[in-house]
Amino acid sequence: MSEVTSAPSRRGLLKLGAAAGAASVVLGSEPATAVGTAAPAQPKFVPLPADAKPLPMGPDGYRLDRIGPEMYAVTAGGTQAAFVVSNRGVILLDAPPALAEALPAAISKVTSKRVTHLVYSHHHADHIAGAAAFGDVIRIAHADTARLIRAERDKTRPMPTRTFTDRYSLTVGNQHLELSYPGVNHESGNIIVHAPRQRAALMIDVVLPGWSPFSAWGTADSVPGVLRAHDVLAKLDIDTFVGGHVHRLGTPEDIKVSREFTYDLWNETRKAVAGTPSAPFFGQVEAGHNWAAFKLWYNAVADKVEPVIYRKWLHRLAGVDVFTRENIVTVATSQMLDAPKDL
Ligand SMILES: [Zn+2]
């Protein structure tokens, strides 16, 4: 303990993270060692697990992975898209602006065919705001994605030319993709793309292989929907999964682990919420200051859940020490508003 309270060493932090008292650890800054010459202090975080670290990039600054016989993923800067090569043209799955240069370069490395179809996973700009560069192609998306894009009036996200609500079978030459919607999840309209011939699937911003969820669950429209999406993904007969972010491709095991983490966080938060009445906190703040009372209640809930999650997950998934506390708040809020009864 003592080595943590003064200037937290990495080893001390890890020890503490594995202990039940992890909730009280403040991941603060390390004091500068030499006055006047030291670089700004770096915040301390638990190091990345081996299978969450960045992978080597190719010579042009991006990573091109072959997924199946005719499917590839392109990764750079922590963002991922994929494409399938048919004998009639290329089907692109997302067009992230971060891959604006990498995607055309990667495609031309493996085929001389042009992009004829572009599937939007969902409406978020970080995944499709590079779409305009691919010109007048057939764009396919969920109807809710089309509705959201229309509302944004953003020229970088051209409207889909075909939409669907539940399922869509996309056949282009010798390739066949099954697009399906498991209901509102990370975002309304966020779909699953299953490529049976490639034994692969893509779903963005739900399972991030090797990583715990981003801040506020990546602004999830529905946390129960994220759980249900995990259930659907876990049933797919695939070898490779494309999650859209961070450094590598996933496997069915990554889906299983992400599902386990997600249910753990949901269930532990459920227990803590049930065991933490909010009424006493209203007596601790200025009369009528509801926000302050809820803040204290959220803190009490997070203080119960965080150590349990740390004990089980701190070294299994990346970033557990970074956003878990605020994700507990997100889940607690979702349980009040979305799912006051058990799922
Ligand atoms: Zn998103």
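1. Valine 246. In this predicted model, valine 246 sits in the loop between strand S12 (240-242) and H8. Its phi is positive, about 70°, although the residue is not a glycine. Most residues other than glycine have a negative phi. Valine 246 is buried, because its relative accessible area is 12% and the cut-off for buried is under 20%.

2. Arginine 199. Here is another positive phi in a residue other than glycine: arginine 199 has a value near 50°. Its place is the loop between S10 and S11. Is arginine 199 buried, exposed or partly exposed? The relative accessibility is 31%, so arginine 199 counts as partly exposed.

3. Histidine 186 belongs to the loop between S9 and S10, whereas aspartate 205 belongs to the loop between strand S11 (200-202) and helix H6 (216-219). This pair, 19 residues apart, links distant parts of the chain. Histidine 186 and aspartate 205 are both buried.

4. Glycine 189. This residue is in the loop between strand S9 (175-180) and strand S10 (192-195), and histidine 186 is in the loop between S9 and S10 too. Glycine 189 counts as buried because its relative accessibility is 0%. Beyond four places away in sequence, glycine 189 touches Ser121, His122, His142, Asp144, Thr145 and Tyr181. Alanine 143 lies 46 residues from glycine 189 in sequence, yet the C-alpha atoms are 6.8 Å apart.

5. Threonine 165. The loop between strand S7 (162-164) and strand S8 (167-172) holds threonine 165. The residue is partly exposed, because its relative accessible area is 48%. Leaving out residues up to four places away, threonine 165 touches His142, Ala143 and Tyr181. His142 and Tyr181 are also among the contacts of glycine 189. From threonine 165 to aspartate 144 the chain runs 21 residues, and their C-alpha atoms are separated by 7.9 Å.

6. Helix pair H8 and H10. Helix H8 (residues 252-274) packs against helix H10 (residues 290-313) at about 145°, with the axes 9 Å apart. The crossing is right-handed. On the H8 side the contact includes Val257, Phe261, Leu265 and Val273. On the H10 side it includes Trp297, Val301, Ile309 and Trp313. By class, the contact has eleven nonpolar, one polar and five charged residues. Glu260, Asp264 and Glu268 of H8 are among the contact residues, as are Lys304 and Lys312 of H10.

7. Whole chain. The secondary structure comes to eleven helices and twelve strands. Of the 343 residues, 52% are buried. Among contacts between residues at least 6 apart in sequence, 61% join residues at least 24 apart.

Terms used. Residues numbered from 1 in each chain as written. Predicted model: local features only at pLDDT ≥ 70, side-chain atom pairs only at ≥ 80, totals over all residues. Heavy atoms only, no water. Helix = DSSP H or I, 4+ residues; strand = E, 2+ residues; numbered from the N terminus. Buried < 20%, exposed > 50% of the residue type's maximum accessible area, 1.4 Å probe, protein only. Contact = heavy atoms within 4.5 Å. Axes fitted to C-alpha atoms, helices over the stretch in contact; angles between N-to-C directions. Left-handed = near helix turned anticlockwise from the far one by under 90°. Nonpolar A, V, L, I, M, F, W, Y, C, P; charged D, E, K, R; others polar.
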